[in-house]
Amino acid sequence: DDESSSFDAGAAAADTDADAITCSSRGSSTVTTISSAHSSSSSWHRTFSSKREKIINLCLAILDNLADDLKVRRKMLKSGQLLAPLLVCLKCKTTDCIVRSLLLLRKASLFEEVVAELAQNNGKALRAIIRLATEGEAVIADHALRLLFNSSFYRECRKIITNNQELIDVLTSMTRNKDSPSSCQVCVNLLKVLCLEMLECML
């Protein structure tokens with residue numbers, strides 16, 4: 001219960017072949033479905049054609065706008081079909097698709113059940129986000145870091161993030177980056193949260 005309340009407070013402050021990609025709108029809800037011929041475990045190796053990524057980006061843009069409404073966002077998550085497609089889209093080649101996926105994940109990360117799912121399977125999904133934060137271009141890394149900050153208020157996610165030395169090195173380096181004050185502050189805030197985890201492990 002303590003962990004849950006801590007998460008709520010912190011978050012508030014802060015190779016599959018696709019058979020089909022469809023985007024349909026009914027009233028105030030839009031459903032995006034990415035159908036796979038293989039299991040989700042191999043979805044991290046998926047790349048889409050440029051034409052298909054344009055369709056994906058359009059669907060993500062619609063979902064992103066709808067997700068600004070908290071009630072609609074809850075309905076998206078209740079279906080249980082939002083998180084997996086977003087994680088697959090992180091492997092897209094275009095920056096816009098990746099950024100929109102991260103934006104939607106950030107909005108969804110205000111709910112504990114979402115970040116709990118990111119920590120499942122030994123944190124496979126979370127590690128993919130960490131890779132974007134450490135290896136992605138600046139705009140992608142910035143959104144990935146903000147998502148990691150939201151996720152860090154969940155204990156299991158915080159453990160995985162803390163144990164990634166490459167990320168810690170990147171965060172430390174970026175705190176000295178005066179060219180991007182906003183990203184710098186995100187790194188400082190994330191490091192503060194991670195320090196709490198380190199102290200807890202030492203006690």
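Guide: In this predicted model, the axes of helix 5 (residues 95-108) and helix 8 come within 9 Å and cross at roughly 15 degrees. Angles under 35 degrees count as roughly parallel, and helix 5 and helix 8 are therefore described as roughly parallel to each other. Their crossing is left-handed. On the side of helix 5, the contact is formed by T95, I98, V99, L102, L103, L105 and R106. Helix 8 contributes V139, I140, H143, A144, R146, L147 and N150 to this contact. Sorted by class, the residues in the contact of helix 5 with helix 8 are nine nonpolar, three polar and two charged.

Helix 8 also packs against another helix. Helix 7 (residues 120-135) and helix 8 (residues 138-151) meet at an angle of about 140 degrees, and their axes are 7 Å apart. That angle makes helix 7 oblique to helix 8, because only angles over 145 degrees count as roughly antiparallel. The crossing of helix 7 and helix 8 is left-handed. From helix 7, the residues that make the contact are L126, I129, I130, L132 and A133. They meet I140, A141, A144, L145, L147, L148 and S151 of helix 8. This contact of helix 7 with helix 8 comprises eleven nonpolar residues, one polar residue and no charged residue.

One residue of this contact may be examined individually. A141 lies in helix 8, and A141 is buried, since its relative accessible area is 7% and buried means under 20%. When residues up to four places away in sequence are not counted, A141 touches L132, A133 and G136. A141 and I129 are twelve residues apart in sequence, while their C-alpha atoms are 8.9 Å apart in space.

These helices belong to a protein with eleven helices and two strands. From the N terminus on, the order of elements is α-β-β-α-α-α-α-α-α-α-α-α-α. Of the 203 residues in the protein, 46% are buried.

Q185 is found in helix 11, which spans residues 181-202. With a relative accessibility of 41%, Q185 counts as partly exposed. Q185 and T175 are ten residues apart in sequence, and the distance between them in space is 7.2 Å, C-alpha to C-alpha.

The cysteines remain to be considered. A disulfide is a covalent bond between the sulfur atoms of two cysteines. With a cut-off of 2.5 Å between sulfur atoms, the count of disulfides comes to zero. C184 is in no disulfide, and the nearest cysteine sulfur, which belongs to C187, is 6.7 Å away. C184 is buried, because its relative accessible area is 12%. C195, by contrast, counts as partly exposed, because its relative accessibility is 40%.

To return to the part examined at the outset, helix 8 is roughly parallel to helix 5, whereas helix 7 is oblique to helix 8. I140, A144 and L147 of helix 8 are named in the contact with helix 5, and I140, A144 and L147 are named again in the contact with helix 7.

Definitions and conventions: Residues numbered from 1 in each chain as written. Predicted model: local features only at pLDDT ≥ 70, side-chain atom pairs only at ≥ 80, totals over all residues. Heavy atoms only, no water. Axes fitted to C-alpha atoms, helices over the stretch in contact; angles between N-to-C directions. Helix = DSSP H or I, 4+ residues; strand = E, 2+ residues; numbered from the N terminus. Parallel < 35°, antiparallel > 145°, perpendicular 65-115°, else oblique. Left-handed = near helix turned anticlockwise from the far one by under 90°. Contact = heavy atoms within 4.5 Å. Nonpolar A, V, L, I, M, F, W, Y, C, P; charged D, E, K, R; others polar. Buried < 20%, exposed > 50% of the residue type's maximum accessible area, 1.4 Å probe, protein only.
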